[in-house]
Amino acid sequence: MESAQAKNQALKEAGAVVPTSYETFEAVIKETFDKLVEEGKITPVKEVTPPQIPEDLNIAIKSGKVRAPTHIISTISDDRGEEPCYAGVPMSNIIERGYGVGDVISLLWFKRSLPRYCTQFIEICIMLCADHGPCVSGAHNTIVTARAGKDLVSSLVSGLLTIGPRFGGAIDDAARYFKDAYDRSLTPYEFVEGMKKKGIRVPGIGHRIKRGDNRDKRVELLQKFARTHFPSVKYMEYAVQVETYTLSKANNLVLNVDGAIGSLFLDLLAGSGMFSKQEIDEIVEIGYLNGLFVLARSIGLIGHTFDQKRLKQPLYRHPWEDVLYTK
């Protein structure tokens, strides 16, 4: 068997550079490299400083060295602790204090605990607007969809999608226009005639069925509650003055539930003393008040869906005799 010395000797004789020991290996490599460079056989490559290996993100965050960017900002609820919190109020406190739906809405929508008369008003609005029979557009759409065999969510949204300027979605506009007119001290005549010149119908005024001698009971109930519990009803009284003027034009131009809720919610926001003028303007602009109708009417639309499925109603087809066919 050949020894290590014999192998090294054979390599030398073959022309290989062989160090005398392992300890001199590095020195021989450098010596050989420098010799090849000097002879012009190789060109040294510029040394590159290797990049620093990044620290693990989770470790860096825990040590406080970096802050990862967030993808969502939430200010109304927090579920990271032992129990969820609504606007900083723990769930257990909500139950122990006997909070109702109106109180939860005040926390999640307005980020504060409103006085009891305010949350009661919110709950009354939800109850009064939960349903208005099967003939209105939202309920009709939901019923037709449910009878087509669609699921609850599909039936619900088909009805919700009808909510807009002509059906239940005029609360925000009513609040905007009534507020602007009152704050500018316009008389009902100036307000209504000004809207007429612009070609805009007064939101919150007018009803397909109700008349001056047959008022909407929901409007009367809302007004009665507000006059009893609200510290001020200046916007509602202005809306009533506008109604008095519009009724002189036509008997169906009554204050409807959209106008009542819109004007009274302005009184709620202004009279509670818990909102600045800027906050009130923002609430009206964002669309909070229409949200109240959407929430309320969802209850009725879900009910209509269950009703049709419980009755096992067949696919709906509109009768020919109810269609005017023209050329």
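Trainee: What order do the strands of the open sheet have, and how do they pair?

Mentor: Keep in mind that this is a predicted model. Read a sheet strand by strand. Here three strands form an open sheet in the order E1-E2-E3, and the pairing is antiparallel.

Trainee: Which strands stand at the edges?

Mentor: Look for strands with a single partner. In this sheet they are E1 (77-78) and E3 (89-90). Each has one partner strand, so one side of each has no neighbour in the sheet.

Trainee: Over how many bridges do E1 and E2 pair?

Mentor: Two bridges, in the antiparallel sense, link E1 to E2 (residues 85-86). For a residue-level view, take Asp78: its bridge partner in E2 is Cys85.

Trainee: Now the helices. At what angle do H6 and H15 pack?

Mentor: Start with the angle and the axis distance. H6 (residues 116-129) packs on H15 at about 50°, and the axes are 7 Å apart. That angle makes H6 oblique to H15. The crossing is right-handed.

Trainee: Which residues of H6 and H15 meet?

Mentor: List each side in turn. H6 brings Ile122, Cys125, Ile126 and Cys129. H15 brings Leu292, Phe293, Leu295, Ala296, Arg297 and Ile299. By class, the contact of H6 with H15 has nine nonpolar residues, no polar ones and one charged.

Trainee: How do the axes of H9 and H15 cross?

Mentor: H9 (residues 171-183) and H15 (residues 288-310) have axes that come within 7 Å and cross at roughly 150°. Angles over 145 degrees count as roughly antiparallel. H9 is therefore roughly antiparallel to H15. H9 also passes H15 in a right-handed crossing.

Trainee: Which residues make the contact between H9 and H15?

Mentor: On H9, they are Ile171, Asp172 and Ala175. On H15, they are Tyr288, Leu289, Asn290 and Phe293. The classes in the contact of H9 with H15 are five nonpolar, one polar and one charged.

Terms used: Residues numbered from 1 in each chain as written. Predicted model: local features only at pLDDT ≥ 70, side-chain atom pairs only at ≥ 80, totals over all residues. Heavy atoms only, no water. Axes fitted to C-alpha atoms, helices over the stretch in contact; angles between N-to-C directions. Helix = DSSP H or I, 4+ residues; strand = E, 2+ residues; numbered from the N terminus. Parallel < 35°, antiparallel > 145°, perpendicular 65-115°, else oblique. Left-handed = near helix turned anticlockwise from the far one by under 90°. Contact = heavy atoms within 4.5 Å. Nonpolar A, V, L, I, M, F, W, Y, C, P; charged D, E, K, R; others polar. Pairing = 2+ DSSP bridges.
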